[in-house]
Amino acid sequence: MNKSREFANLIQEGSVGVNIAKSPWGTEVSVSDNRGESKYAFSKEQLEQINNFLSEYKEIIIEIDNIRKEYDGVDLAWHIGEIAERYIDGEDITNGDFALITNVGSSGDGTYTGQMRNIYNIFPNKEYHTEHFNKSTICELTQTVDEYSLKNINSNANEYNINVRKPRLRAIRDVYNSDDGVSNSVEKALDRKLFKNMDSDELTDVIYDAHLLLGDESVSKSEIKNLILE
Amino acid sequence: MNRTKSKQKFDNEAKVNTANSIKRIRSDYNQPWVGLLRETIQNSTDGVGFNRLQGNLPNEQDLTIEFIVDTVEKELMIRDNAGGMDFDTFHNNLLAIDNPSDDKADGNGAGSYGRGFWVIMSCGEWAELETNHTTGVFASSVNIEGMYDTIQTLDEPSLGSGDKGTCYRIHGVRDDDMSYLSDWDTIEPTLVENFAPLLNDDSVNIEYTIDGETHTPEAPDLNKLRQEYALCEESELEPFTYHGEEHKVLDFTMIDATKMDDEPPWTGVMLFKGNDYLGYPFMKVDWYEPRGIPSTKNPTKMFGWCDASDICRPRKDGTTLENNAHDDIQLSRTGTKTNIQSKVYDVHDAFFKDNYTTEEKTELLNAVQNNVNSLLGTTDAFDTFSKSTRSGTGTGPSPSSPPSVTSLSFLRCKTDKYNVEVGEDISLGIEVNPQNTLDYDMYEISNIQVRNKTEDEIVYEVPSIITELVENEPLEQIIDIFTCDEMGKYVFSAEISGYIDGEENIETKDTSKTTFIVGEFEDASTKDESDKNSEGSVEFISEVSPFTNPDGGKAFIQPISDGEGLRLNVNTAWPAFVNAKETLRGDAFEQKQEKLFTDWGVDAVIDHWVTEKLQDLGASKEILDFNEKRIKTTDDLEKKKVMNNE
């Protein structure tokens, strides 16, 4: 097991914790050790392990901490993605371990880190329209649609002034994954709990916007509404 | 009258009080009943080897040693088939004191002083003796005063079984010895610990009968343990030189106790020695119990043994390093000198060094927390850091007249421990932190004393120390190592004042005191107060976390969210810590950490408190910056001192 994996495991099982703190001389990263019932362990091997970990990750943890203070929303995701891409690319570390070690994600599955790397790779010059997306939707979109479609969604959101939030995100997924035109996308949408309580006009707008965002201008609202009401 | 040695006759011999000599021999043994077991088995083992060599016994003959205890008659019969003694040996060596046979004196046997028989005898009032040798059967009776009957030559043995061997029947066995000798649960582990290799020998039988019930000691099979669970087997350890002669430990073995089905037979490392006949070390001569190696205790994860025969061999000057009782090698710090300690550390590092046990970690953290919290608990200035929700781990009462923060930092009495065992050493130290301006060039630290508060008596005092102080250059000095002989609550205190030669009554600048507890002592007043204060008692440090930054300070405080107290972040790249890590191991490293973190914790909490206070008071940015600079400067100075080995 490589050292990153080993330490990520310890974090995942709650044996150690990474603390970021303001010291009189700047930001510091310390490690709480919860192995056993104590929060303290300073055997030479543990010190060695902690020192190795900190020499490897301290700078990156502080860098991400600074990014967090400076940015939010999609910009924050982009910057974290940039750091992750830069770091993970050359190191023997997975998205999940990176997330655990730098406290980027709430779990170690790495999805979040991977999504943020996608944002950075798809929009290397920050060509996204932050006013139409929040961090979680664009993160999810990077995995819902292909790169070309996401770029399309980004420009169409701006062109049609559509704010992409959860309902439209789900509708995009349904439209994107429908292989039988609009009727299939409506059918998928109607199966969603999220849309059960929406009235037909609202749902029509959501599905229609999804088509527009994906660049499908061939559908009409009336066609969608009829399919909903059938 | 001028006398010369050549003119003297020396024709009278100094009188020896035999009874007193026997008493002293007995007193050489911490536990004479163990001495009886050891000397008996050792004599029989030496005897069988010697007699085989002399052709008095066939080489293939097994050795049987029988102990028969009769608690009603207060008798102990000891019998072996080791070939017995001829008349001269019986008369001149066995029944003599400090007059071993040539063979034993030459170091061929495990015994060598001619005293063993008398410790056996000293467990009773008198004894019948009989030895059946190829040259005849000889018998006598001997008493505890060292008097014996004229030796008789018998036609046939009356005490023994008929085998060639020796038999003692001890009458009037002392009650204290009998209580042990009649308890198989005590005897068996004693035999195992002292003679495990011998008990592994199929040609040696030891039978122990107590009031008609016969037992046989069962020792773990050391060869099997070695084959299956050995962590380390070294044919010889690095030699050491003692008074110009080289010695070395041989056949060093450490066993992984975690893989064994049975409990380990002992802890630590058993040092066995042999004789020239058996070809293997069979008898314990010392025991090395590592103090600072976690895997050797609580629980025992590894244990071991080695051959110390070379250490016990007679030296060129005729002395030996083992004591009269053959149960101690007379070296101070035997484990260290013989290089056993170093090897055990290596094995620990290779196989078990992962973690301290939970118990050890908790103990260490508690010690640091207690020390820091105790030191800071002497002032009410830090009430805002109190953690009110937890109980029982507070530092107890605040004194009636708390010193100010300033005085706390100018003179500090320090100890390296908060709790010590009776008989344990504690280090007493003084720290002086001169401030920006000093009223005097020289200062006198006086009334340096340790008071046993429980007995209300001063138990230790040292003369005043006169020293020059330089502004902003802290002074730290270990005063002494104090051994705590009595249980109780102790206060180590001192005071400091300016010093001008010839002037008296200079105002005291500061006083300091620190408390430590010796033994399992519970101070009633503290307990009551502590209980009363359990809600809202002062607790500062609830977590200690390392960080590493060669350019950073030594420690800083970070409040833990949700009011869970304070986290003490400690810099493991700080020179003093790095130095300790490189030079110390086990207990010593642990104690050093505790001392460093306690000192750092106190400073860090004070720095944190001052910063918070300044912020609360709406201090300007300049003042806050200045405060940070002050903290950094203090750290820098301290670091410089460590780097310069000051």
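Visitor: How far is the sulfur of B:Cys312 from the closest cysteine sulfur?

Guide: The distance is 9.7 Å, and the closest cysteine sulfur belongs to B:Cys306. That is too far for a bond, because a disulfide needs the two sulfur atoms within 2.5 Å. Keep in mind that this is a predicted model.

Visitor: OK, and how many disulfides are there over all chains?

Guide: A search of the whole structure turns up 0 disulfides.

Visitor: Back to B:Cys312. Buried or exposed?

Guide: B:Cys312 is buried, as its relative accessible area is 6%.

Visitor: And B:Cys413, buried or exposed?

Guide: B:Cys413 counts as buried too, with 1% relative accessibility.

Visitor: What about B:Gln330, where is that one?

Guide: B:Gln330 sits in a loop of chain B, between helix H9 (309-312) and helix H10 (334-337). With a relative accessibility of 45%, B:Gln330 is classed as partly exposed.

Visitor: How many residues apart in sequence are B:Gln330 and B:Cys312?

Guide: They are 18 residues apart in sequence. In space, their C-alpha atoms are 9.8 Å apart.

Visitor: Changing topic: which residues form the negative surface patch?

Guide: The patch is made up of B:Asp62, B:Asp202, B:Asp221 and B:Glu228.

Visitor: Where does B:Glu228 lie?

Guide: B:Glu228 is part of helix H8 of chain B, which covers residues 222-229.

Visitor: Why does B:Glu228 count as partly exposed?

Guide: Because the relative accessibility of B:Glu228 is 45%, and partly exposed covers the range between under 20% for buried and over 50% for exposed.

Technical notes: Residues are numbered from 1 along each chain as its sequence is written. Chains are lettered from A and ligands numbered from 1 in the order in which they are written. This is a predicted model: local features need pLDDT of at least 70, side-chain atom pairs count only at pLDDT 80 or more; totals for chains, interfaces and linings use all residues. Side-chain values use heavy atoms; hydrogens and water are left out. Patches are made of residues with over 30% relative accessible area and no salt bridge: like charges are joined within 9 Å, nonpolar side chains (Val, Leu, Ile, Met, Phe, Trp, Tyr) within 5 Å. Accessible areas come from the Shrake-Rupley method with a 1.4 Å probe; for residues, only the protein chains shown count as cover. A salt bridge is a side-chain nitrogen of Lys or Arg within 4 Å of a carboxyl oxygen of Asp or Glu. Lys and Arg count as positive and Asp and Glu as negative; His and the chain ends are not counted. The place of a charge is taken as NZ of Lys, CZ of Arg, CG of Asp or CD of Glu. Helices (H or I, at least four residues) and strands (E, at least two) are DSSP runs, numbered from the N terminus. Buried means under 20% relative accessible area, exposed over 50%, partly exposed in between (1.4 Å probe, protein chains only).
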